[in-house]
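This report goes through one structure, from the salt bridges and symmetry to cavities and backbone geometry. Please keep the sequence and coordinates to hand while reading.

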Number of protein chains: 2
Amino acid sequence: MSKDKQVEAITNRDVDFAQWYTDVVKKAGLIEYSPVKGCMMILPYGYAIWEQIKNELDKKLKATGHENVYFPMFIPESLLQREKDHVEGFAPEVAWVTHGGENELTERLCVRPTSEVLFCEYFANAIQSHRDLPKKFNQWCSVVRWEKTTRPFLRTTEFLWQEGHTCHATAEEAQQEALDILEIYASIFEDFLAMPVIKGRKTDKEKFAGALETFTVESLMHDGQALQAGTTHNFGDGFAKAFGIQFTNKENKLEHVHQSSWGVSTRMIGGLIMTHGDDNGLIIPPRIAPIQVAIIPIAMHKDGVLDKANELKNRLSSDFRVKLDDSDRTPGWKYAEYEMKGVPLRLEIGPKDIEAGQGVLVRRDNREKTIIKLDNLEQEVANALEGLQTALYQSALDNRENRTTSVTTIEELKTALDQKPGFIKAMWCGELACENAVKEQATATSRLIPFEQESVGATCLACGKPADKMVVWGRAY
Amino acid sequence: MSKDKQVEAITNRDVDFAQWYTDVVKKAGLIEYSPVKGCMMILPYGYAIWEQIKNELDKKLKATGHENVYFPMFIPESLLQREKDHVEGFAPEVAWVTHGGENELTERLCVRPTSEVLFCEYFANAIQSHRDLPKKFNQWCSVVRWEKTTRPFLRTTEFLWQEGHTCHATAEEAQQEALDILEIYASIFEDFLAMPVIKGRKTDKEKFAGALETFTVESLMHDGQALQAGTTHNFGDGFAKAFGIQFTNKENKLEHVHQSSWGVSTRMIGGLIMTHGDDNGLIIPPRIAPIQVAIIPIAMHKDGVLDKANELKNRLSSDFRVKLDDSDRTPGWKYAEYEMKGVPLRLEIGPKDIEAGQGVLVRRDNREKTIIKLDNLEQEVANALEGLQTALYQSALDNRENRTTSVTTIEELKTALDQKPGFIKAMWCGELACENAVKEQATATSRLIPFEQESVGATCLACGKPADKMVVWGRAY
């Protein structure tokens, strides 16, 4: 009864995906809206997911020689203006601090929308010799971009992210860094978030303000809309020249450094919700689930039930993240609650189970119930989690493949996107005018030029001239 | 030679403590100044210290049922004004955002100086029933206070901290929470940072804006100035009434919650520098040192030296945080470098040592050299680290005791502080006028009313009337 009541409150996913998303985000206790438009309060369960992702990524970054730092949130307006493309890209969407305490500031400060200029300012002073290279910095912080339309996790005025900033002696090293980080991002998405991604580079139109090249991992949501999941940028020596970041090389000659920057954000949480969730709520991939197993005692008042539940919790806690819910809610309420929160497994344990030395293990994704011997508990849980992790990835991949179409004209592209939203492959000649034409006529953007190219035609979808670039197009969050 | 050069560059600690502090902070690579006054760039080594402290504290907070969240950095002006004392305390020192993108905001936003009002706004909506209590939230973030005079770590415009915000059903629970957290803070200071602290409460004059009672851990720096190391606040139901945070109790009656808040910041790093550092630089207590052992190979070009150094590094790495410096700098340069960075132990290993199956272990604090058998390496390192941790604490405690004086009048207090800065104990009647008199006549503030009271007289140091409160006074950072 309680259960039905709770499930009723969510919009059906296939009826109104946007409303379903908002419902899940709220009902699963991930966020609350704040008094400032577009800013969200990330609640314990939402933040715990972020901490899991952050820990995994942080380990990988440290293992590859990156060092964490913390640079200030305020950037003087004059510093932001130092690199032309960069300021044009960001100035329209920053928040400006004009007063400190009771005084008006002589120069207004922007709240960082990203920190390239501050890192460059630092690098210009700190780097002198080839011995100072490479510098591979990363910071975990929040940034602010004044967005007109906002949605929890996907597009918020303030969001949490990491931003990496590196300096290298050669152009090749900077390029390699941007590509290496893209692989790390891909691994976080595929191996932890169970989200298949396509790797490639952005067109010049879509690249980062001030970058030579932007690389991206793109993924497809359940509804067929694309999500730019993470990007890495090779800056070449553009910022280095604007900021005067030079070093003496081994031949004692002065050179500019070559740089990269890269970031992923709390938007990843939006991505995992829209990839895996269903009509009962969230489904969180086991490897990053804050709670992997919820233990629900049945007929809790009966002798021995809570003791047994506690014993099982203790046994599982050394290898898994476990929660025993011994609150006075009904089992039905608890089932619905942990389904809503997307906890991968639930273990039901009641007096009859205890007598029989067994328990009931229920998988969140397919709701499959398995009666397991408690003697084999750890192994059964490990197997079920592994199975669920694989199944989520496969299901997301199936959805993407099912929603991938090849076309040869803008008209076809528009029809394809209207009929079955997804990734649309089409050849492109490389001209900005053609890319703009696609945007105008089909309200679609180029998502990326995948590293793994294939031929889906010989001519540009817009101008019809010979084309050798296979581009993935789509409508994106 | 390189070594001498580096050591020369630091001001002598006893000649000019303030300059010595600035030198250490810079030379040890903890921070760099940013283009915005009072904001610092925390560099890898400085941030690594913060990460160590953060990890230890975060574990303790989670183990006691606190949940991490992330609330927005922007607070609308009207919300800040909701609690009268609070806004009076903070409004004069906040940074104001007046423009978002190209538009002027209809209401200006302050960059959080602390987040009580936002948490209260959330609690007012989220809490309905006694079942929703307690709520024990914590967040790791940065806050901004527009300071006139700033010093790295000690007082910066933006700083990193954690802020805990909790709601409870009863006044007793809120009080207990504030006291429990104070114990956790004390343990972080004493057991990890090797900084002895005195626990107690602040006078009404010195308490947090809006609090019923503020508790504090106070420590004494090497130069005899006091440092307020961390504070916890019992709010009673003051904020709850201002924000309408009510719950239905078990008797189905509406009541206001009782609240606490508490925080410690990157100021802790300033504290540990000023407690333990010496004329050769930092000394970092082993339990939070990012690098516990620096391995320095001697005659690195000789056969087998680097192999052996790597072997030792691998052996030690499972239990300790180790860095092998195989750069092309001289051993002398490396000795000075890791001394400056305050690495607790260095292990020198050269061809003759290898032949003899031994190494040289040097302690950072007393520079004691011990020739150790490599067979016992792990045990020797563990013992030396433990010894250093204990010695640092004892040395700081000795300094504090040596600098603690009891007085009975303001005149004596002033003389004591002028002659030997430190903690001054004196009786106080409890009147604000007397506290103000001490401040005016001796430029000293009441640091705290220690929990552990002792009698150092019978009359107030200011008015001479009977007094039963023993207060510790001092001049503080």
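## Salt bridges and accessibility

B:Glu337 is buried, with a relative accessible area of 14%; here buried means under 20% relative accessible area, exposed over 50% and partly exposed in between, using a 1.4 Å probe and protein chains only. The partner of B:Glu337 in a salt bridge is B:Lys341, at 3.8 Å from N to O, and B:Lys341 also counts as buried, at 15% relative accessibility. A salt bridge is taken as a side-chain nitrogen of Lys or Arg within 4 Å of a carboxyl oxygen of Asp or Glu. In chain A, salt bridges that share partners link A:Glu339, A:Arg346, A:Glu348, A:Arg367 and A:Lys369 into one network.

The model is predicted: local features need pLDDT of at least 70 and side-chain atom pairs count only at pLDDT 80 or more, whereas totals for chains, interfaces and linings use all residues. Side-chain values use heavy atoms, with hydrogens and water left out, residues are numbered from 1 along each chain as its sequence is written, and chains are lettered from A and ligands numbered from 1 in the order in which they are written.

Over all chains the count comes to 62 salt bridges.

| Pair | Closest N and O atoms |
|---|---|
| A:Arg82 and A:Glu121 | 3.5 Å |
| B:Glu147 and B:Arg155 | 3.8 Å |

A:Arg82 and A:Glu121 form a salt bridge. A:Arg82 lies in the loop between helix H4 (77-80) and helix H5 (84-90) of chain A and A:Glu121 in helix H6 (residues 116-126) of chain A, so the bridge ties together parts that are 39 residues apart in sequence. Helices (H or I, at least four residues) and strands (E, at least two) are DSSP runs, numbered from the N terminus. A:Arg82 is partly exposed at 39% relative accessibility, and A:Glu121 is partly exposed at 23%. In the pair from chain B, B:Glu147 counts as buried at 17%, while B:Arg155 is partly exposed at 34%.

## Confidence

The pLDDT, the predictor's confidence in each residue from 0 to 100, averages 95 in chain A, where 98% of the residues score at least 70. Over residues 1-7 of chain A the pLDDT is below 50, and this stretch has twelve contacts in the model beyond near neighbours in sequence; contact means heavy atoms within 4.5 Å. Where pLDDT is low, the predicted coordinates should not be read in detail. For the complex, the predictor gives an ipTM of 0.95 and a pTM of 0.96.

## Symmetry and interface

Chain A is superposed on chain B by a rotation of 180° with 0.0 Å of shift along its axis, at an RMSD of 0.0 Å. The two copies are thus related as by a two-fold rotation axis. Of the residues of chain A, A:Val97 comes closest to the rotation axis, with its C-alpha at 2.1 Å. The copies meet through the same surface, because 100% of the interface residues of chain A are also interface residues in chain B.

## Cavities

There are eight cavities of 30 Å³ or more. On a 1 Å grid over the protein atoms alone, a cavity is a set of points where a 1.4 Å probe fits but cannot get out, and lining residues have an atom within 4 Å of a point. Grid points are joined across faces, edges and corners, and a volume is the space filled by probe spheres set on the points.

The largest cavity has a volume of about 290 Å³. Its lining has 20 residues, of which A:Trp140, A:Cys141, B:Lys54, B:Trp140 and B:Cys141 lie nearest its centre. Helix H3 (44-63), strand S7 (135-144) and strand S8 (158-168) of chain A, and helix H3 (44-63), strand S7 (135-144) and strand S8 (158-168) of chain B, each give two or more residues to the lining of this cavity.

B:Asp58 is in helix H3 of chain B and counts as buried at 12% relative accessibility. Leaving out residues up to four places away in sequence, B:Asp58 touches A:Glu51, B:Asn68, B:Asn138 and B:Trp140.

## Backbone geometry

Most residues other than glycine have a negative phi, and most peptide bonds are trans. The peptide bond from A:Leu133 to A:Pro134 is cis, with omega near -10°, and A:Pro134 is in the loop between H6 and S7 of chain A. In chain B, the bond from B:Leu133 to B:Pro134 is cis, with omega near -10°.

A:Asn252 has a positive phi of about 65°. This residue is in the loop between strand S12 (246-248) and strand S13 (254-256) of chain A, and A:Asn252 counts as exposed at 65% relative accessibility. A:Arg367, one of the residues in the salt-bridge network, has a positive phi near 60°. A:Arg367 is in the loop between strand S18 (358-363) and strand S19 (369-373) of chain A and is partly exposed, at 36%.

Notes: Least-squares fit on C-alpha atoms with pLDDT ≥ 70 in both. 1 Å grid on protein atoms, 1.4 Å probe; cavity = no way out; pocket = protein on both sides within 12 Å on 5 of 7 lines; lining within 4 Å.
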